[in-house]
Amino acid sequence: MNKIIQINLAGQAVSIDELAYKSLSEYLHTLENHFSNTEDGGEILADIEARIAELFFGKIKKGNAFINATDVSEAIQLMGTPADMGIHDLGSEQSHNSSTFYSTDKKLFRDTDDRVLGGVCSGLAAYFNTDTSIVRIAVILLIVFTGIPLIAYFVFWIVLPEANTPEDRSRMYGGNTTVNDIVNNVRREASDVARSVKNEANSVAESLKKNSNLRSSGRSVVNGLEQVIRFFAKIFGAGTLILLVIIGVALSIFLLANATGGFTLNAGDVDVLTPSILKTPTLNWIFSISLLSLILIPIGTMCYAIILFIFNMDVRLNIKAVFLAWLLSLAIFIGISIYSASDVNVQRFKEFGETIRDKGVFDEDYELNYNYKHSEDKLEMDLDIDKVSPDNESDSVSTHSL
Amino acid sequence: MKIENTQSQMRKGVLEYCILTLASSGEMYASDIITHLKDAKLIVVEGTLYPLLTRLKNAGLLSYAWKESDQGPPRKYYSITQEGQDFCKELSSTWNELTHSVNQITETK
């Protein structure tokens, strides 16, 4: 249901639908601005208005009760859109101060209809024709990982204008606007406004019932603050997330390598070894995997929760299942550990490690070579410790076989 | 450079001449002028016409009279002045020369 307005068009009384009126008056205002720089602008406008009034008169005579948006569109098409009239028309002495309302230029705005803080990212997204979420992620990552400080965001916030009018909005997205775009825009905004006014009215009524003025304004301050805190929490969460992922991946590689037979890390001059020393390869695998789960399950759930939080989704987890899975890994891990503690091989490896330590290998330059293999039930290990002297000759310090 | 802009410039260039010629055949209302132009396949929107008519009137080449109308507000009916007639004659010879030259240039390469 819309309102009908009575207007005076060139001395004629015309009944016109409210939305149609909006597009008509926008059109006339545009023309007004365009012609206001010319001498005869007033007269030209009057002629145009009179002609439009005549067209409308015809419509009403045909039996319509009022002028609607279609009639207005038709009239505008007939009279000529501002684009048809153009700025560089008739070689006239138009001053180029009159703004080009329907230009094809894109302009960078802030989109305050779609915003977390200030609508900077969605404005950027509209200008570059990308998805808003992608821009937001990129901005957050940029801030966290490069030196571009958060202050840059606030600079953008301050400098960029809000996209308020329908023209602004269409310039934000770029491209030629037609009256239909404007009419649709106006329609959409009208219903948005109607809806939010209704909500506002409801909430005002409710708050009047309950609280005093002071409390509700305090509440809105708190809400605003909450928004800011949430935003920073999200940035922090993103950073933590990345850290957790890195840790998780590193650990996984480490433990999987362990499961498959060990690898050497070169730490300075000392090679660190991770032999798989448990009784059977299968046991090794299970052990490693349980250890992996033990660490990854908590990390994984934290990552999951952070992701949900960042994307404003409901943070819901099946805590029970996750916890049970974790307990299971813990049980397996402890079980295998206890079992292996009594494993002969493990004890020997322990001695092996103590040997190395006691030799003071870590104090000086030693080259440590070892290899081991499982033969039947036994773990055989060969250890060579060579002292590396300044002139690069090596003296063998000791050789151990176990 | 958009072709529509160039094309529109070309049309606008000859529009004054056409309007004056039409007006010399009697009283004309803006809408009538548009119709005549359309019949001759020269498409112009009223928004372009009014500024032009007003300018011609201010230059003394056209004059108008208000006539009541039963189809809405009063209308301006334009007719050509003596000055306008002379102007039109000159434009006519200019036009002929122009078409001649252009044809010659575009036909012989």
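At 28% relative accessibility, B:Arg55 is classed as partly exposed (buried means under 20% relative accessible area, exposed over 50%, partly exposed in between; 1.4 Å probe, protein chains only). This is a predicted model, in which local features need pLDDT of at least 70 and side-chain atom pairs count only at pLDDT 80 or more, while totals for chains, interfaces and linings use all residues. Residues are numbered from 1 along each chain as its sequence is written, chains are lettered from A and ligands numbered from 1 in the order in which they are written, and side-chain values use heavy atoms, with hydrogens and water left out.

**Exercise 1.** Determine which parts of chain B are tied together by the salt bridge of B:Glu16 and B:Arg55.

*Solution.* Step 1: the side chains of B:Glu16 and B:Arg55 form a salt bridge at 4.0 Å, N to O (a side-chain nitrogen of Lys or Arg within 4 Å of a carboxyl oxygen of Asp or Glu). Step 2: B:Glu16 belongs to helix α1 (residues 3–23) and B:Arg55 to helix α3 (residues 46–58), so the pair ties together parts 39 residues apart in sequence. The helices, like the strands below, are DSSP runs numbered from the N terminus (helices: H or I, at least four residues; strands: E, at least two). Step 3: B:Glu16 is partly exposed, at 24% relative accessible area.

**Exercise 2.** Locate B:Glu27 and B:Lys67, and state how many residues apart they are.

*Solution.* Step 1: the closest N and O atoms of this salt bridge are 2.7 Å apart. Step 2: B:Glu27 is in the loop between α1 and β1 (28–29) and B:Lys67 in strand β2 (residues 62–67), 40 residues apart. Step 3: B:Glu27 is partly exposed at 42%, and B:Lys67 is partly exposed at 35%.

**Exercise 3.** Why does the pair A:Glu43 and B:Lys76 join two chains?

*Solution.* Step 1: a salt bridge of 3.2 Å, N to O, connects the two side chains of A:Glu43 and B:Lys76. Step 2: A:Glu43 lies in helix α2 of chain A, whereas B:Lys76 lies in strand β3 (residues 75–80) of chain B, so the pair joins two chains. Step 3: B:Lys76 is buried, with a relative accessible area of 7%. Step 4: a network of salt bridges links A:Glu43, A:Asp47, B:Lys57 and B:Lys76.

**Exercise 4.** Is A:Lys59 buried or exposed?

*Solution.* Step 1: A:Lys59 is found in helix α2 (residues 41–61) of chain A. Step 2: at 16% relative accessible area, A:Lys59 is buried. Step 3: neighbours within four places in sequence aside, A:Lys59 is in contact (heavy atoms within 4.5 Å) with A:Asn64, A:Ile67, A:Asp71 and A:Glu74.
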